[in-house]
Amino acid sequence: MSHRHPEGYGVPSGAPPVPDAQLFQDTSGAPSPPPMVGAAAQHLMSNPMMTAAAMHYGQELASQGQAVVDRNIGRFVAMSHLKTYFAVDTNYVLKKLSILLFPFVHKDWTVHYQQTEPIAPRLEINAPDLYIPVMGFVTYVLVSGLVLGTQQRFSPEHLGITASSLLAWLLVEVLLIWLCLYLLAVVSQLKWLDIFAYCGYKYVSMIVSVGVSLVGGRQAYYAALAYSAITIAYFLVQSLRLSIQPHVTEGASKLRNYFLLLIALLQPLMMLWLTYTLISYQPQLTPS
């Protein structure tokens with residue numbers, strides 16, 4: 001919509017008309033070189049229409065996901081158990097995020113509760129939760145929309161494709177891990193919701209890696225991804241080694257080590273697979 005100052009209000013009578021602001025870049029001619037990533041990100045975040053569209057789509061995605069959970073998840077798991085995985089507070093979330101990002105400074109990985117029944121994560125920092133994975137899922141979808149905007153290819157459809165891809169690969173991961181537990185005959189105290197939680201923690205590392213790329217470019221992305229791969233692998237090995245055959249014998253120790261190695265390698269590979277196509281995009285410039 002064109003906005004003009006009415007005569008006599010803010011513009012003197014007889015002054016030349018102010019041309020309309022150019023809302024969209026004319027791409028009919030020869031393409032211009034792509035803008036710097038930092039400037040593009042700043043422009044995108046300062047665009048209220050783009051920001052509002054991304055936020056609205058993220059809220060709608062979260063509400064739709066909650067509706068699906070309310071309708072269908074009760075068929076497979078008791079709602080009381082599911083709600084336990086979301087029983088967190090601010091102190092727990094901040095401390096858990098610090099452990100995910102800096103796991104080497106965390107010393108006590110012992111689970112101080114009986115693992116036959118789930119416990120509220122706010123009461124046990126080493127217990128798995130689903131709040132951080134779900135919020136990380138939604139946040140990563142929004143961050144990917146921001147990156148797509150800096151690449152001049154944002155659309156709500158892309159956000160939907162990203163969310164569907166993340167969910168599909170998450171299901172593949174969980175099924176693969178569950179199948180490995182069965183085939184290797186590994187004795188484990190893990191529940192399938194625990195596996196969802198541990199697989200979902202990688203979204204925090206993915207957000208950091210992609211977010212860093214907006215500021216420092218592709219080299220910063222590779223550095224952040226390499227660090228995140230090490231931290232998520234270390235976190236998972238330390239968290240799972242006491243849940244998988246805690247009273248392990250010498251003959252069964254190899255199976256546990258193989259399984260832990262699989263988990264430690266799978267998550268960094270999935271992080272690279274899910275983020276690289278977003279970062280590696282290069283605009284194709286046609287010669288004038």
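Ser 144 sits in helix H5, which covers residues 131-150. This is a predicted model, and in it Ser 144 is buried, with a relative accessible area of 2%.

**The overall layout**

- The protein has nine helices and zero strands.
- Reading along the sequence, you get the pattern α-α-α-α-α-α-α-α-α.
- Of the 288 residues in the protein, 39% are buried.

**Helix H7, tucked inside**

- Helix H7 runs over residues 192-200.
- Eight of the nine residues of H7 are buried, so this helix is largely enclosed by the rest of the structure.

- Side chains of opposite charge can pair when their charged atoms come close.
- How many salt bridges does the structure hold? There is one.
- That salt bridge brings together the side chains of Glu 173 and Lys 202, at 2.6 Å from N to O.
- The pair links distant parts of the chain, with Glu 173 in helix H6 (residues 156-183) and Lys 202 in helix H8 (residues 202-240), 29 residues apart.
- Are the two partners buried or exposed? Glu 173 counts as buried at 2% relative accessibility, and Lys 202 is buried too, with a relative accessible area of 0%.
- Lys 202 has another contact to look at: its charged end sits over the ring of Tyr 203, 5.0 Å from the ring's centre.

**Aromatic pairs**

- The count of aromatic pairs comes to nine.
- One of them joins Trp 169 and Trp 273 in an edge-to-face arrangement, 5.8 Å centre to centre and with 75° between the planes.
- Trp 169 lies in helix H6 and Trp 273 in helix H9, so this pair ties together parts that are 104 residues apart in sequence.
- Trp 169 counts as partly exposed, at 30% relative accessibility.
- Another edge-to-face pair is made by Tyr 201 and Phe 235, with 5.5 Å from centre to centre and 90° between the planes.
- Here, too, distant parts of the chain are linked: Tyr 201 is in the loop between H7 and H8, while Phe 235 is in helix H8, 34 residues apart.
- Tyr 201 is buried, with a relative accessible area of 0%, and Phe 235 is buried as well, at 1%.
- Tyr 201 and Phe 235 also belong to a cluster linked by ring pairs, together with Phe 104, Trp 109, Tyr 198 and Tyr 234.

**Empty space inside**

- Rolling a probe the size of a water molecule over the atoms shows where empty space is left.
- The structure holds two cavities of 30 Å³ or more.

*The largest cavity*

- Its volume is about 190 Å³.
- The lining of the largest cavity takes in 21 residues, and those nearest its centre are Tyr 113, Ala 127, Pro 128, Asp 194 and Tyr 198.
- Which helices each supply at least two residues of this lining? Among them are H7 and H8.
- By type, the lining residues of the largest cavity split into eleven nonpolar, six polar and four charged.

*The second largest cavity*

- This one holds about 70 Å³ of space.
- Nine of the residues lining the second largest cavity are nonpolar, one is polar and none is charged.

Technical notes:
Residues are numbered from 1 along each chain as its sequence is written. This is a predicted model: local features need pLDDT of at least 70, side-chain atom pairs count only at pLDDT 80 or more; totals for chains, interfaces and linings use all residues. Side-chain values use heavy atoms; hydrogens and water are left out. A salt bridge is a side-chain nitrogen of Lys or Arg within 4 Å of a carboxyl oxygen of Asp or Glu. Helices (H or I, at least four residues) and strands (E, at least two) are DSSP runs, numbered from the N terminus. Buried means under 20% relative accessible area, exposed over 50%, partly exposed in between (1.4 Å probe, protein chains only). On a 1 Å grid over the protein atoms alone, a cavity is a set of points where a 1.4 Å probe fits but cannot get out, and a pocket is an open set with protein on both sides within 12 Å along at least five of seven lines; lining residues have an atom within 4 Å of a point. Grid points are joined across faces, edges and corners, and a volume is the space filled by probe spheres set on the points. Ala, Val, Leu, Ile, Met, Phe, Trp, Tyr, Cys and Pro count as nonpolar, Asp, Glu, Lys and Arg as charged, and the others, Gly among them, as polar. Rings of Phe, Tyr and Trp (its six-membered ring) pair if their centres lie within 6.5 Å; planes under 30 degrees apart count as stacked, over 60 as edge-to-face and the rest as tilted. A charge sits over a ring if NZ of Lys or CZ of Arg is within 6 Å of the ring centre and within 35 degrees of the ring normal.
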